[in-house]
Amino acid sequence: MRFYAALWLDYLKNYFKTRMTYRSDFWVEIVSDLMFLGMNLFFVLVVFGHVDRLGGWTLDQMIFIYGYFMVPYGIFQCFFNLWNFSERYIVKGEMDRVLTRPVNNLYQLLLENMDPASLFSALAGLLIMAYAWPRLGVELAWHDPLVLLLLAAGSVLIYGGVYIALTSLSFYTDAPTGILPLVWNIQNYGRYPVTIYNRAIRWLLTFFLPFAFVGFYPAAYFLDRDDWGTVALMTPVVGLVFLAVGLFCWNRGVSKYRGAGS
Amino acid sequence: MTGAYLELIRIRFMTMLAYRMNYYNGIIIYAINIGAYYFLWQAIYSGRDELAGLTAGQMTTYVAVSWMARAFYFNNLDREISNEIRDGSLAIQMIRPYHYLVVKMMQALGEGLFRLLLFTIPGLAVALLLFPVKLPADPAVWAMFFVMIGFSFLIHSQINMLTGLCAFYLENNEGLMRMKRVAVDLLSGLVIPVSLFPGWAETIVKWLPFQAITYVPGSVFASGARGADAWQALGLQAFWCAVLLVPIALLWRSARRRLFVQGG
């Protein structure tokens, strides 16, 4: 355990050394990340310039949902960055290097691709929530910050589980499948109240690719506890289930791995 | 010389064709994106007939057509150029008897044509099946639209070139490229038609070239505008296309003298 923590620290140092070589670019990247999230917020603001409610939700509620969404999203981006896995590790054969080392292979991969710059998005999300909260007129119970922590952790696990499972597909096919960008786009559905979608999409977002649990459901816990509280509290459970599925797929995939032969 | 440039379009088209499998899931991705915005706009319109001059039906068409036009004009010219600057292969390209930037443009066109034939058209067919998109019947509107997305391609590629050429000065312009992509998606009117922007934002956008990429052709197509309005829109695109040539020429001239290859 201590060894793993020390390793984490070393990788973190390494990350900052690499990134600070191109210092200006590091900041530009953070700004562009925030711009991307700001773009979606701008969308909501523009829409509410023309309507009062969206599927029954007010502007402040929508902003709050979006703020929540940014928190697990930013944390996920920081710790589960497996986007180029197939290209870098399978096609170029770097997976062999990872597997010969005496540390859990997935842990190594996550460390190598850690991206702390993304945490700024999570921070911005917290600020947005803090801004929207007093305007919502809902009470702040003493345990709410703890619940938030629990729900956000659940959301991150869902993200992690889904993307680990999908990334493990790279062990079976040589060519990048393109399924990852597909799911990446479905995730956009989770930012808005699921009540605006039809039944099929709602079902998809709740049970199959549970992206409603990374944005809307947990956020709704704070907005409308009577109607959404129970569903929202399922978030950590769903998170654990999907993480388990992800790890199972991953370990099966690794045992199937034969190397690119290069 | 023209023959050589045309050949470049053909080669890129054939290269893309060789990897066409990668593109089929792209059609689904675009359908997902269109779907997300379709449902969102449905919820936004619920109970009202029009917003900022667009009816719900026109909005659906606008969303579908904007995304499909994006499939045509979108390319990674910025990344290609900055990669070639950084790995030094640009030095070789420069001593060859052609104009580097024209070559890049032709390759991008080959890619664009590939996407138009194998992506935009089947993608639009899928969108027609899934969502109530209404396409205009008038062939004149279609002809105008195709000319306009031609300009969209030119303007977007020019912006990409500018971003890519900044690698001469920035060493690593990953962040800048991301920023540009966000700016294009938002300010071009892809996610929200510019006419819905609040007044101050609309004023800013009106002075920028981005709206000429998506909003201008999309709104002409969705509203079925013709005559003076359509010509004016086309004129705006031509204007931006010409204006953007200036910074590209300046950047290219000054940058050539400071090519510095990082570990090439």
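**Reading the labels**

Biologist: Why is Val237(A) called partly exposed?

Modeller: In this predicted model, the relative accessible area of Val237(A) is 44%. A residue is buried under 20% and exposed over 50%, with partly exposed in between, and because 44% lies in that middle range, Val237(A) is called partly exposed. Val237(A) is found in helix 13 of chain A, which covers residues 235-256.

Biologist: Why do Cys249(A) and Cys166(B) get the label partly exposed?

Modeller: Cys249(A) has a relative accessible area of 24%, and Cys166(B) has 23%. Buried would require a value under 20%, so neither cysteine is counted as buried, and both are partly exposed.

Biologist: What makes helix 4 of chain B largely enclosed by the rest of the structure?

Modeller: Helix 4 of chain B runs over residues 77-86, and seven of these 10 residues are buried, which means that the helix is largely enclosed. The buried residues are Leu77(B), Asp78(B), Glu80(B), Ile81(B), Ser82(B), Glu84(B) and Ile85(B). What covers them includes helix 1 (2-18), helix 5 (89-95), helix 6 (100-130), helix 7 (139-165), helix 8 (167-170) and helix 9 (174-187) of chain B. Following helix 4 of chain B is Gly88(B), which has a positive phi, near 85°.

Biologist: What makes helix 11 of chain B mostly covered?

Modeller: Eight of the nine residues of helix 11 of chain B are buried, namely Tyr215(B), Val216(B), Pro217(B), Gly218(B), Ser219(B), Val220(B), Phe221(B) and Ala222(B). These buried residues pack against helix 3, helix 7 and helix 12 of chain B. Gly224(B), which follows helix 11 of chain B, has a positive phi, near 65°.

Biologist: Which helices of chain B supply at least two residues each to the lining of the second largest pocket?

Modeller: Helix 11 (215-223) and helix 12 (228-256) of chain B do, and helix 11 of chain B gives the largest share, with five residues. The second largest pocket holds about 350 Å³ of space and is lined by 15 residues, of which Tyr215(B), Ser219(B), Val220(B), Asp229(B) and Ala233(B) lie nearest its centre. By class, the lining of the second largest pocket divides into eight nonpolar residues, six polar and one charged.

Biologist: How do you know that there are cavities in the structure, and how many are found?

Modeller: Rolling a probe the size of a water molecule over the atoms shows where empty space is left. A space is called a cavity when the probe fits but cannot get out, and the search of the whole structure finds five cavities of 30 Å³ or more. The largest cavity has a volume of about 70 Å³. Helix 3 (56-73) and helix 9 of chain B are the elements that give two or more residues to the lining of the largest cavity, and helix 9 of chain B gives the most, with four. Among the lining residues are Arg70(B), Tyr73(B), His156(B), Lys180(B), Arg181(B) and Asp185(B). The lining of the largest cavity comprises three nonpolar, three polar and five charged residues.

Biologist: Which spans of chain B does UniProt list as "transmembrane region"?

Modeller: For chain B, the unreviewed UniProt entry lists residues 21-40, 52-73, 113-131, 143-170, 182-201 and 230-252. In the model, residues 230-252 of chain B are 100% helix, with end C-alpha atoms 33 Å apart, whereas residues 182-201 of chain B are 45% helix and 0% strand, with ends 16 Å apart.

Biologist: How many Å separate the end C-alpha atoms of residues 117-134 of chain A?

Modeller: The ends of residues 117-134 of chain A lie 29 Å apart, and this span is 89% helix. Residues 146-166 of chain A are 100% helix, with end C-alpha atoms 30 Å apart. Both spans are among those that the unreviewed UniProt entry lists as "transmembrane region" for chain A.

How values were computed
Residues numbered from 1 in each chain as written. Chains lettered and ligands numbered in written order. Predicted model: local features only at pLDDT ≥ 70, side-chain atom pairs only at ≥ 80, totals over all residues. Heavy atoms only, no water. UniProt positions renumbered as here; feature names shortened; annotations may be inferred. Buried < 20%, exposed > 50% of the residue type's maximum accessible area, 1.4 Å probe, protein only. Contact = heavy atoms within 4.5 Å. 1 Å grid on protein atoms, 1.4 Å probe; cavity = no way out; pocket = protein on both sides within 12 Å on 5 of 7 lines; lining within 4 Å. Points joined across faces, edges and corners; volume = space filled by probe spheres on them. Nonpolar A, V, L, I, M, F, W, Y, C, P; charged D, E, K, R; others polar.
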